[in-house]
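Notebook open, structure about to go up on the screen. I'll jot down what I look up as I go.

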Amino acid sequence: DENILLLNKRPGVLVHEDDDGKDNTLVMHLQAYLYRKGEYAPDGEQSFAPALCNRIDRNTGGIVIAAKNAAALRDMNERIRCGEVKKFYLCAVHGVPEKHSAVLRAYLRKDSATNTVDVSDRKREGYKEIITGYRTISTVGKGDGARSLVEIELFTGRTHQIRAHMAHIGHPLCGEGKYGINREDKKLGYKWQALYSYRVGFAFEKKGSVLDYLSGREYSLSHDDIWFCADFEGAKHGK
């Protein structure tokens, strides 16, 4: 609409420039799209540059929220900071979680030197709490070859939280090489990590801002839009 865009980022696309200065990024595509539509004039005096309100990893796909004006950017960023934007992901994991659904709590520490994180079940110095909810949707295969399609709800948004937390409980994501072993996954067609931001909900508590009209609304992609969901068509569904 006149304030925001919801973008479906494809796996492999950076959201912003990396250290190498590569410019084939989501934010560049966003700005080019709005320029062609006549909604963004980069040469204009004090022109606002359309910007992203959240980010997801390069090899993760799915919904990214973008703002078309400064008021929308400020408001959406504040809503995200206050936990009023609910984020849900779909992922394919190895194995079948023992519990059909659960809310997991642990602690995570980021190592900037290696761009990895470590997860601990107890609080330790330098670790921050992470809360990850999951629900098993369906499963395929048996024994060591079993895989599950799982919905994730993020209650905290730490670096690599879903990938590291699911690996920590013994169910690494398919196609994920940083916290799991993905050599065999590639033979099954998992070129990317099987993780997709597929649903966002706006549960705004504070009123009186430019985005009040979004409160109570939810937007989602269908399973047909998510490359790995086809592996679970006709699979056994969880209760």
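Predicted model: local features only at pLDDT ≥ 70, side-chain atom pairs only at ≥ 80, totals over all residues.

**Cysteines**

I went for disulfides first, taking one as a pair of cysteine sulfur atoms within 2.5 Å. The count comes to zero by that rule. Cysteine 53 is in no disulfide, and the nearest cysteine sulfur to its own, that of cysteine 82, is 14 Å away. Looking from the other end, I find the sulfur of cysteine 82 has cysteine 53 as its closest partner at 14 Å, which is too far for a bond.

Next I checked how covered the two are, calling a residue buried under 20% relative accessible area, exposed over 50% and partly exposed in between (1.4 Å probe, protein chains only). Cysteine 53 is buried at 11%, while cysteine 82 is partly exposed at 41%.

**Ground rules**

Numbering runs from 1 along each chain as its sequence is written, and side-chain values use heavy atoms, with hydrogens and water left out.

**Cores**

I then looked for nonpolar cores, meaning sets of buried Ala, Val, Leu, Ile, Met, Phe, Trp, Tyr and Cys residues joined through side-chain atoms within 4.5 Å. The largest has 32 residues, and Met76, Phe202 and Phe228 have the most contacts inside it. At least two core residues each come from strand E3 (61-67), helix H2 (70-81), strand E4 (85-94), strand E7 (128-140) and strand E9 (195-202). For those labels I use DSSP runs numbered from the N terminus: helices are H or I with at least four residues, strands are E with at least two. A second, separate core has 25 residues, among them Val64, Ala102, Met166 and Leu173.

What does phenylalanine 228 touch, not counting residues up to four places away in sequence? I list Leu90, Cys91, Ala92, Leu149, Tyr190, Ala194, Leu195 and Tyr196, with contact meaning heavy atoms within 4.5 Å.

**Leucine 73**

Leucine 73 sits in helix H2 and is buried, with a relative accessible area of 18%. Leaving aside neighbours within four places in sequence, leucine 73 is in contact with Phe48, Ala51, Leu52, Cys53 and Ala67. So cysteine 53, buried at 11% relative accessibility, turns up again here as a contact of leucine 73. I also took the C-alpha to C-alpha distance from leucine 73 to glutamate 205: 17 Å in space, 132 residues apart in sequence.

**Largest pocket**

For pockets I use a 1 Å grid over the protein atoms alone: a pocket is an open set of points where a 1.4 Å probe fits, with protein on both sides within 12 Å along at least five of seven lines, and lining residues have an atom within 4 Å of a point. The largest pocket holds about 1200 Å³ of space, a volume being the space filled by probe spheres set on the points, which are joined across faces, edges and corners.

Its lining has 46 residues, and Arg55, Ile56, Asp57, Thr159 and His160 lie nearest the centre. H2, E4, strand E8 (147-154) and helix H3 (161-168) each give two or more residues to the lining. E4 has the largest share, four residues.

**Helix H3**

Glycine 170, following H3, has a positive phi near 95°.

**Loops**

Most residues other than glycine have a negative phi, so I noted the exceptions I came across. Histidine 160 has a positive phi of about 55°; it is in the loop between E8 and H3 and is buried at 8%. Asparagine 115 also has a positive phi, near 55°; it lies in the loop between E5 and E6 and is partly exposed at 39%.

Phenylalanine 155 is in the loop between E8 and H3 and is partly exposed, at 43%. Not counting residues up to four places away in sequence, phenylalanine 155 touches Val103, Ile131, Thr132 and Gly133.
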